[in-house]
Amino acid sequence: LGEKHDLTMSDSLASATAAGWVAGTLEISVTFPFEYIKTQMQLQQEASALFAGKDRFRSPFHCAAATVRERGVLGLYRGGLSWAIFGGPRSAVRFGTFETLTAASQRRGMHQRLGTPTADTINGFAAGMAEAALCQTPNQVIAIKMIHDQSPRGPRQYEGLVHCVACIWRAEGVAGYFQGVGPAVTKGAATNAIRFLGFGQLKRLAQGPAGADGTPPPPLATWQAMLCGGIAGAVSAVATQPIDTVKANMMGIDGGRYRSAFHCTAELVRAGGLRVLMNGVGPRVCRVFIEVGLQFSLYEYVGRALDRAFGSSSKTN
């Protein structure tokens, strides 16, 4: 019985990880232009040595139009290769960690003692920390520096992804890939806590209660999973935007000038006021709504397909 349980848990984790990997890789190809625009708007800070003054992007639409005019549509994917490489692993870490912790907390009766929403929040918080620490920080350091390099006053010093990675290594060593890790982990933990809690609540609302005989409710339709995930993602984006802005500036080309996240926050607010902490929130909400909606819907769909193929049961209703 013990061996059968271990095998089931192993299959469940493999299914969750694979589903997260596929979902993350597919969604980033759709959503990265929003990430590019959001990051450019966040980096337009008066505290930055690269602040462009009157030459700065006037709005997200101006940023998109100017980039396409100067570099073509592919210009909106500057830094996107890093996200494509890390997109699968970060989703795999996120969903795999969440499923592992959920299974462990269910075995220990945590859901019964604390309630499922609280358990989802705690597990999502931990999953976000793991994703940010292991995948998202080095990914975003590379991508943000490449995007900053292409800003109106950017030095245009990176020839491509490999050259950028090499330049960071030569200048900072391994530590260079973990600039801004503090706000990155904080943001990752907070966003995933909100997303898993929100998705879980909305999912249970959409599914309805279990049958009188204990039969679990039917799985979500794809559009339901996408909508539930999108709403949860959009809420998390607005709630964590100030942290995300601080993180982006600490990871930028001149991020080394900030001694800490608190120093960065103080410098940004001193130079531009509190409003600058919300720079880029519009495109971020758009991106995250699509991103999280696609991830959760694809995750549910791919997970069920893998369960049918391998006979495991990685999803819990």
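Guide: R156 is partly exposed, with a relative accessibility of 34%. Keep in mind that this is a predicted model.

Visitor: Where is R156 found?
Guide: R156 sits in the loop between helix 5 (116-149) and helix 6 (161-172).

Visitor: OK, zooming out. How many helices and strands are there?
Guide: The protein has 10 helices and 0 strands. Of its 317 residues, 53% are buried.

Visitor: How do helix 7 and helix 8 cross?
Guide: The axes of helix 7 (residues 181-207) and helix 8 cross at roughly 170 degrees and come within 8 Å. Angles over 145 degrees count as roughly antiparallel, so helix 7 is roughly antiparallel to helix 8.

Visitor: And which residue classes are in that contact?
Guide: The contact of helix 7 with helix 8 has 16 nonpolar, 8 polar and 5 charged residues.

Visitor: Is W223 buried or exposed?
Guide: W223, which lies in helix 8, has a relative accessible area of 60% and is therefore exposed.

Visitor: Switching to charges. How many salt bridges does a search of the whole structure find?
Guide: The search finds 18. One of them joins the side chains of R204 and D120, at 3.4 Å from N to O. That pair links distant parts of the chain, with R204 in helix 7 and D120 in helix 5, 84 residues apart.

Visitor: What about R270, which residue does it form a salt bridge with?
Guide: R270 pairs with E267, and their closest N and O atoms are 3.1 Å apart. Because the two are 3 residues apart in helix 9 (residues 261-272), about one helical turn separates R270 and E267. R270 is exposed, at 60% relative accessible area.

Visitor: Last one: which residues are linked in a network of salt bridges?
Guide: The network includes E35, K38, R90, R94, E131 and K187. D244, K247, R284, R287 and E291 also belong to it.

Notes:
Residues are numbered from 1 along each chain as its sequence is written. This is a predicted model: local features need pLDDT of at least 70, side-chain atom pairs count only at pLDDT 80 or more; totals for chains, interfaces and linings use all residues. Side-chain values use heavy atoms; hydrogens and water are left out. Helices (H or I, at least four residues) and strands (E, at least two) are DSSP runs, numbered from the N terminus. Buried means under 20% relative accessible area, exposed over 50%, partly exposed in between (1.4 Å probe, protein chains only). Axes are lines fitted to C-alpha atoms, for helices over the stretch in contact, and angles run from 0 to 180 degrees between N-to-C directions. Angles under 35 degrees count as roughly parallel, over 145 as roughly antiparallel, 65 to 115 as roughly perpendicular and the rest as oblique. Ala, Val, Leu, Ile, Met, Phe, Trp, Tyr, Cys and Pro count as nonpolar, Asp, Glu, Lys and Arg as charged, and the others, Gly among them, as polar. A salt bridge is a side-chain nitrogen of Lys or Arg within 4 Å of a carboxyl oxygen of Asp or Glu.
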